[in-house]
Amino acid sequence: MKSPVSVWALCTLFNMRAAIILVALVACTFALYDGLSGADLRAAIKKDYYSHHTLGYKHAREHMYGVIDNQDGYLLGIYTDLVLPFPYGYMHTSYSGTDVNCEHIVPQSFFGKKDPMVSDVHH
C-alpha cells in the first residue's frame with residue numbers, strides 16, 4: 001500500500017514543477033511575441049514551433065528512462081513507489097532482466113497508436 005504522504009509529496013512536487021514551467025513559458029512567450037495577440041500570436045507560434053521531430057515509441061521510452069526521468073541513476077515508479085536502479089544514459093527499456101512498463105495517461109487506442117501522440121513522453 002502506498003503511503004499517502006509520498007503520493008501527496010509527488011503530486012505537490014509535480015504541481016510545483018508544472019507551475020514553474022508554465023510561468024517560464026508564459027514569460028518567454030511574452031518576450032518573444034511582444035505586441036501580438038489572438039490569431040496573429042497563434043500564427044507566429046505555429047510558424048516557429050509547428051514542425052517537430054518524433055523519436056517514435058521505442059526511442060521515446062529509452063530517452064524517458066535513460067535521461068528525462070532518470071534521477072541520479074534511478075527510476076521511480078509513480079504508481080508503485082518502486083525504485084529501480086537504471087544507469088543514466090542507458091538507452092533500453094529493461095535493466096537487469098526487469099522490463100519497465102510505460103503507462104499512458106491517455107490510452108494509446110484513443111488515437112490508434114499513431115505518432116506523434118504515442119511517443120509523447122509527457123502523456
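# Notebook: helices, rings and charges in a predicted model

I counted 3 helices and 4 strands in the protein. Helices (H or I, at least four residues) and strands (E, at least two) are DSSP runs, numbered from the N terminus. This is a predicted model: local features need pLDDT of at least 70, side-chain atom pairs count only at pLDDT 80 or more, and totals for chains, interfaces and linings use all residues. Residues are numbered from 1 along each chain as its sequence is written, and side-chain values use heavy atoms, with hydrogens and water left out.

**Entry 1. Overall layout**

I read the order of elements along the sequence as α-α-α-β-β-β-β. Next I looked up burial. Of the 123 residues in the protein, 17% are buried. Buried means under 20% relative accessible area, exposed over 50%, partly exposed in between (1.4 Å probe, protein chains only). Accessible areas come from the Shrake-Rupley method with a 1.4 Å probe; for residues, only the protein chains shown count as cover.

I then checked contacts (heavy atoms within 4.5 Å). Among contacts with a separation of 6 or more, 44% join residues 24 or more positions apart.

**Entry 2. Aromatic rings**

How many aromatic pairs does a search of the whole structure find? I got 2. Rings of Phe, Tyr and Trp (its six-membered ring) pair if their centres lie within 6.5 Å; planes under 30 degrees apart count as stacked, over 60 as edge-to-face and the rest as tilted.

Tyr65 and Phe86 pair edge-to-face, 6.0 Å centre to centre, with 70° between the planes. This pair links distant parts of the chain, 21 residues apart. Tyr65 sits in helix H3 (residues 57-68). Phe86 sits in the loop between strand E2 (83-85) and strand E3 (94-95). Both Tyr65 and Phe86 are buried.

Phe86 also pairs with Tyr90. Their ring centres are 5.5 Å apart and their planes are at 80°, so I log this pair as edge-to-face too. Together, Tyr65, Phe86 and Tyr90 form one aromatic cluster. Phe86 counts as buried because its relative accessibility is 0%. Tyr90 counts as partly exposed because its value is 27%.

**Entry 3. Asn70**

I moved to Asn70, in the loop between H3 and strand E1 (74-76). Is Asn70 buried or exposed? Its relative accessibility is 6%, so Asn70 counts as buried.

I looked for polar contacts: pairs of N or O atoms within 3.5 Å; within protein, one must be able to donate a hydrogen and the other to accept it, and residues adjacent in sequence count only if both atoms are side-chain atoms. The Asn70 side chain reaches the backbone nitrogen of Gly73 at 2.8 Å. A polar atom of the Asn70 side chain also lies 2.7 Å from the backbone oxygen of Phe86. Leaving aside neighbours within four places in sequence, Asn70 touches Met64, Tyr65, Leu75, Phe86, Pro87 and Tyr88.

Asp72 is in the loop between H3 and E1. Its phi is near 55°, a positive value in a residue other than glycine. Asp72 counts as exposed because its relative accessible area is 76%.

**Entry 4. Salt bridges**

Searching the whole structure, I found 2 salt bridges. The criterion is a side-chain nitrogen of Lys or Arg within 4 Å of a carboxyl oxygen of Asp or Glu. Side chains of opposite charge can pair when their charged atoms come close.

Lys58 and Glu62 are 4 residues apart in helix H3, so about one helical turn separates them. Glu62 is buried because its relative accessible area is 6%.

Asp48 and Lys47 also form a salt bridge, at 4.0 Å from N to O. Asp48 counts as partly exposed at 43% relative accessibility. Lys47 counts as exposed at 70%.

**Entry 5. After E4**

Ile78, Tyr79, Ile105, Val106 and Phe110 make a nonpolar patch of about 580 Å². Patches are made of residues with over 30% relative accessible area and no salt bridge: like charges are joined within 9 Å, nonpolar side chains (Val, Leu, Ile, Met, Phe, Trp, Tyr) within 5 Å.

I placed Phe110 in the segment after strand E4 (98-99). Phe110 counts as exposed because its relative accessibility is 68%. Lys113 is also in the segment after E4. Lys113 has a positive phi of about 55° although it is not a glycine. With a relative accessible area of 58%, Lys113 is exposed.
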